[in-house]
Amino acid sequence: MASAGDRWTQKPQYRVGLLVLERKRDGFDVAWGKKTRGKCFESLVTICGNNGYALKPLNGDHERVADDRSLRRALQKAHGDVDVVVATQPTISDGRLAAVLAQACAVPVVLWATPENPDVRGSPVGGVSSNSLVGTHLFAATLRQLGRRDVELVYQDQDWTAAASQLSRAIARAAGTARIKTAKIGLIGHQAPGFVDLHPDPFALHKTFQGCVLEHVGLADLVQAAEGIDQESVDADRKVNVPGAFADRVDDERSSRLYLALKRLVEAENLDAIAIRCWPELPRDYGQWPYLAVTRLADEGLPVACEGDVDGALTMLCCKFLGCGAPYISDWLEHDRSSFVCWHGGMCPTCLTSDPGDGGGPRIRPHFNNKKPAVVDATLKPGMDVTVCRFWVCDGAYHAMICNGRSKPAKRPLSGNNGLVELDLSDRGGRDLFACFEDWVVQYGMPHHVIICQGHHKASLVKFAAARGVKVV
């Protein structure tokens with residue numbers, strides 16, 4: 001379950017504990033170790049500042065964490081106050097502490113190995129200045145053999161910039177994995193009529209993602225809650241400046257009622273993501289598509305999947321918790337050898353859409369099909385690095401499709417949300433998108449929704465999937 005603050009933000013605000021492991025007696029190059037420790041702290045300060053994380057040093061003032069008691073004291077400071085511990089040993093620590101770390105650390109661990117001094121002339125130990133990688137290797141192997149699967153390892157030799165990038169991803173992946181274990185996804189209604197490829201398996205969800213659960217809410221209950229919102233709250237919401245540069249606002253108060261009802265439901269049930277049956281009942285019987293409300297919730301950081309797509313909501317939540325930003329769920333309209341057109345009814349987060357001045361910015365419109373309000377027409381912003389991904393169940397087991405790509409100018413104007421994405425298929429053995437798509441759908445049963453988020457996150461998502469036993473295809 002997300003914290004109250006993380007539920008309404010597009011990137012989680014993790015709390016990071018820094019643990020420096022040492023030995024009781026000085027060993028190797030003490031001066032180099034001190035210098036490295038300072039660089040580690042500076043790097044983490046920058047990483048946390050860039051990502052909105054909170055940093056908490058776990059070593060006490062001038063306290064050397066070098067034995068069982070001092071390690072347990074340090075980890076006690078982390079209890080309830082950090083989401084992930086970054087453990088580093090600028091000079092090799094005591095290997096006996098690995099078992100204590102495995103036993104006493106209640107949160108995921110990122111083990112950070114630091115480089116040797118490239119200038120061996122001043123080294124007092126035959127040119128070996130730190131032995132940090134050896135110590136980190138020992139800890140990582142011991143933790144895994146003791147059953148810890150929530151461990152990341154960071155090492156980039158002398159490249160501190162690359163190490164910082166790897167560390168940033170490792171922190172998000174480690175903390176995000178823990179969050180997903182306690183997450184709850186709400187299904188409002190069911191899948192859209194005929195969309196049986198989106199049908200969820202709550203037991204495979206719980207088992208594969210190690211605790212994530214599904215809660216079902218009736219669509220009629222949502223409508224009743226919306227109709228029961230007091231008029232004062234509705235009027236106040238109608239005065240809110242809706243996020244994004246919207247034009248031609250044509251919605252009525254029922255959109256505000258749906259937005260407020262969904263938000264209150266999420267808060268009341270501690271939901272981290274939702275999947276909603278958005279048609280046919282809501283536009284037909286209630287007179288309102290929920291897509292403006294969905295866009296607003298997405299802009300505020302809540303993953304929302306349309307058409308009752310629970311695994312779509314799961315994929316969006318994984319993207320959020322792993323630091324990939326706001327996700328967008330889309331149909332796959334058409335493709336050529338390397339690019340595909342993404343298209344859906346109109347609920348893309350506005351941070352992923354074109355600027356208002358270029359003609360593709362968000363505009364509130366009636367739905368193209370039945371002319372009822374309110375959808376958000378917008379074009380996917382071109383020129384972005386993106387990741388296209390999807391988790392789903394087929395033959396009783398979870399699968400994943402994960403590709404990096406880049407958004408391009410849309411082929412042609414389309415109502416709803418529209419974009420063009422060129423995929424990187426360089427690791428597909430020379431197979432083009434026609435062949436890949438056929439395999440994804442025919443061989444592995446990939447459902448007809450995919451998730452798009454900004455940035456290249458394939459490596460992180462593949463590692464996350466592999467740790468869950470998910471087959472990446």
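These are my notebook entries on what I looked up in a predicted model.

**Ground rules**

I worked with a predicted model, in which local features need pLDDT of at least 70 and side-chain atom pairs count only at pLDDT 80 or more, while totals for chains, interfaces and linings use all residues. Residues are numbered from 1 along each chain as its sequence is written, and side-chain values use heavy atoms, with hydrogens and water left out.

**Entry 1: the parallel sheet**

I took helices (H or I, at least four residues) and strands (E, at least two) as DSSP runs, numbered from the N terminus. Two strands pair if DSSP finds at least two bridges between them.

I looked up a sheet of four strands and found it open, in the order E7-E6-E8-E9, with parallel pairing. E7 and E9 (304-305) are the edge strands; each has a single partner strand, so one side of each is left without a neighbour in the sheet.

Next I went through the bridges. E6 (residues 184-188) pairs with E7 (residues 213-217) in the parallel sense over five bridges, and Leu-187 has His-216 in E7 as its bridge partner. E6 also pairs with E8 in the parallel sense, over four bridges; here the bridge partner of Ile-188 is Ile-276 in E8.

**Entry 2: aromatic pairs**

I counted rings of Phe, Tyr and Trp (its six-membered ring) as paired if their centres lie within 6.5 Å; planes under 30 degrees apart are stacked, over 60 edge-to-face, and the rest tilted. The structure holds 12 such pairs.

One of them is Phe-195 with Trp-279: the ring centres are 5.6 Å apart and the planes stand at 80°, so the pair is edge-to-face. The pair links distant parts of the chain, 84 residues apart, with Phe-195 in the loop between E6 and H7 and Trp-279 in the loop between E8 (273-276) and H11 (281-286). For accessibility I used relative accessible area, with buried under 20%, exposed over 50% and partly exposed in between (1.4 Å probe, protein chains only). Trp-279 is partly exposed at 23%.

I also looked at Phe-391 and Phe-464, whose ring centres are 6.2 Å apart with planes at 65°, so this pair is edge-to-face. It links distant parts of the chain too: Phe-391 is in strand E14 (residues 385-394) and Phe-464 in helix H15 (residues 458-467), 73 residues apart. Phe-391 is buried, with a relative accessible area of 2%, and Phe-464 is buried, with a value of 2%.

**Entry 3: charges over rings**

I took a charge as sitting over a ring if NZ of Lys or CZ of Arg is within 6 Å of the ring centre and within 35 degrees of the ring normal. The charged end of Lys-263 sits over the ring of Trp-8, 4.7 Å from its centre. The charged end of Arg-296 sits over the ring of Tyr-259, 3.7 Å from its centre.

**Entry 4: backbone exceptions**

I found the peptide bond from Trp-279 to Pro-280 to be cis, with omega near 5°; Pro-280 is in the loop between E8 and H11. The bond from Pro-373 to Ala-374 is also cis, with omega near -5°, and Ala-374 is in the loop between E12 (363-365) and E13 (375-379).

I then noted positive phi values. Asn-270 has a positive phi of about 55° although it is not a glycine. Asn-270 is in the loop between H10 (253-269) and E8 and is partly exposed, at 33%. Glu-307, also not a glycine, has phi near 60°. Glu-307 lies in the loop between E9 and H13 and is buried, at 7%.
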